[in-house]
Amino acid sequence: MPHSSGGGSHSGGSHGGSHHSSSHGSRGRSFNRVSNSKFPGAKRYLYYRNNAPVFIYSNYDISDSKNRVSSFISFFLYIVILILVLSFIPGLGHFPGKIDISKYNSSIMISDTANVIDDEDTLIKSLLAFQDKTGITPCIITVQNEYWMNNYTDLEQYAYELYVEAFDDEKHWLIVYSEPANPNPDFNDWYWEGMQGDDTDKILTYKETGLFNNELQKGLTNKNYSVGEAISEAFDELTPVAMKKYIPFRKMIYPLVFAGFLLFMAIRSSSFHPFKGKYFEKAVECPETFVDQEKCEYCGAIYVVGMSDVCPNCAAPLKTHEKNQT
């Protein structure tokens with residue numbers, strides 16, 4: 001459905017449109033973690049790989065398959081959220097595509113009910129240039145304050161109704177201008193509102209509508225400009241830049257930082273290691289004091305002294321005179 005692209009008034013200045021945004025919060029929690037370095041709450045575990053001992057630190061029993069499933073779920077959730085965040089980032093950039101005017105009724109409309117546009121040819125030229133550049137069809141309607149003020153909450157509500165009654169698509173941009181039937185020569189109490197179809201959103205973002213809104217508000221406030229000239233000038237300022245591609249780096253800072261945090265947490269906090277599961281199954285808790293290593297005299301595999309009576313590789317008995325741990 002159409003939505004406001006912004007508006008303004010002589011007494012209240014301009015305002016932005018009603019583009020929607022949302023934010024999400026999250027609570028921290030402690031996840032299973034495996035690391036090659038010691039960390040608070042971790043125990044030291046030992047397993048053997050390639051005939052050599054490997055020491056690893058974990059805050060849970062890595063030999064328990066149930067814990068490994070839980071760790072996989074944590075890892076998977078981090079990755080899913082990370083993918084969702086990364087998929088959202090490209091949408092922050094401005095990469096507009098021109099709308100095909102042959103696929104909808106793209107006739108430009110100027111309905112000057114308030115009789116305030118004195119140079120319609122110049123205005124049409126500006127509107128055509130904008131349509132040719134973007135594929136969006138701009139339309140202008142002028143009305144008198146007395147009508148909508150007596151029947152609607154505000155001009156935005158009235159502009160919305162005008163849009164849905166006039167157009168059966170989401171590819172138009174309607175600008176509604178209003179002033180009193182008998183304006184005060186010292187202070188003309190005018191209002192204006194923009195209403196854009198949803199299909200225009202990829203072109204008319206906050207930056208583009210903000211530029212237009214500022215220019216139109218400035219033009220209408222300038223006593224040297226007529227209403228038609230002010231609208232023409234606003235479109236003339238927007239048209240050359242409306243289809244420019246850019247990436248708003250300021251908007252991308254927070255998503256990128258959040259994505260980096262998720263990636264860091266997926267690696268740091270999750271213990272999902274698909275290629276180490278078979279080794280983790282045989283891992284045993286190992287005291288920090290068990291550090292000495294020797295070779296098995298039968299197979300040559302390295303083992304940690306004091307952790308077993310048999311070689312972890314060939315199961316041969318280990319010598320009884322080996323160095324004791326202190």
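**Exercise 1. In which segment is the place of Ala315?**

*Solution.* The structure is a predicted model, in which local features need pLDDT of at least 70, side-chain atom pairs count only at pLDDT 80 or more, and totals for chains, interfaces and linings use all residues. Residues are numbered from 1 along each chain as its sequence is written, and side-chain values use heavy atoms, with hydrogens and water left out.

Step 1. Ala315 is placed in the segment after β12 (302-304). Strands (E, at least two residues) and helices (H or I, at least four) are DSSP runs, numbered from the N terminus.

Step 2. Ala315 counts as exposed, at 51% relative accessibility. The classes are buried (under 20% relative accessible area), exposed (over 50%) and partly exposed (in between), with a 1.4 Å probe and protein chains only.

Step 3. The phi of Ala315 is near 65 degrees, a positive value in a residue other than glycine. Most residues other than glycine have a negative phi.

**Exercise 2. Determine where Asn51 lies and describe its phi.**

*Solution.* Step 1. Asn51 belongs to the loop between β4 and β5 (52-58).

Step 1. Its phi is near 60 degrees, which is positive although Asn51 is a residue other than glycine.

Step 2. Asn51 counts as partly exposed because its relative accessibility is 41%.

**Exercise 3. Describe the second largest pocket and its lining.**

*Solution.* Step 1. The volume of the second largest pocket is about 340 Å³. The residues that line this pocket number 18, and the closest to its centre are Tyr47, Tyr48, Lys282, Pro312 and Asn313.

Step 1. On a 1 Å grid over the protein atoms alone, a pocket is an open set of points where a 1.4 Å probe fits, with protein on both sides within 12 Å along at least five of seven lines; lining residues have an atom within 4 Å of a point. Grid points are joined across faces, edges and corners, and the volume is the space filled by probe spheres set on the points.

Step 2. At least two lining residues come from each of β4 (43-49) and α8 (277-280). The most is given by β4, with 4 residues.

Step 3. Sorted by class, the lining holds 11 nonpolar, 4 polar and 3 charged residues. Here Ala, Val, Leu, Ile, Met, Phe, Trp, Tyr, Cys and Pro count as nonpolar, Asp, Glu, Lys and Arg as charged, and the others, Gly among them, as polar.

**Exercise 4. Locate the salt bridges and describe their partners.**

*Solution.* Step 1. The structure holds 2 salt bridges, a salt bridge being a side-chain nitrogen of Lys or Arg within 4 Å of a carboxyl oxygen of Asp or Glu. Side chains of opposite charge can pair when their charged atoms come close.

Step 1. Asp199 counts as partly exposed, at 39% relative accessibility.

Step 2. Glu215 forms a salt bridge with Lys218, and their closest N and O atoms are 3.4 Å apart. Both residues lie in helix α5, separated by 3 residues, or about one turn of the helix. Glu215 is buried, with a relative accessible area of 15%, whereas Lys218 counts as exposed, at 53%.

**Exercise 5. Find how far Glu170 is from Asp199, and Gln217 from Trp192, in sequence and in space.**

*Solution.* Step 1. Glu170 is placed in the loop between α4 and β8. Glu170 is buried, with a relative accessible area of 17%.

Step 1. Gln217 is found in helix α5 and counts as buried, at 10% relative accessibility. Gln217 and Trp192 are 25 residues apart in sequence, and their C-alpha atoms are 8.7 Å apart in space.
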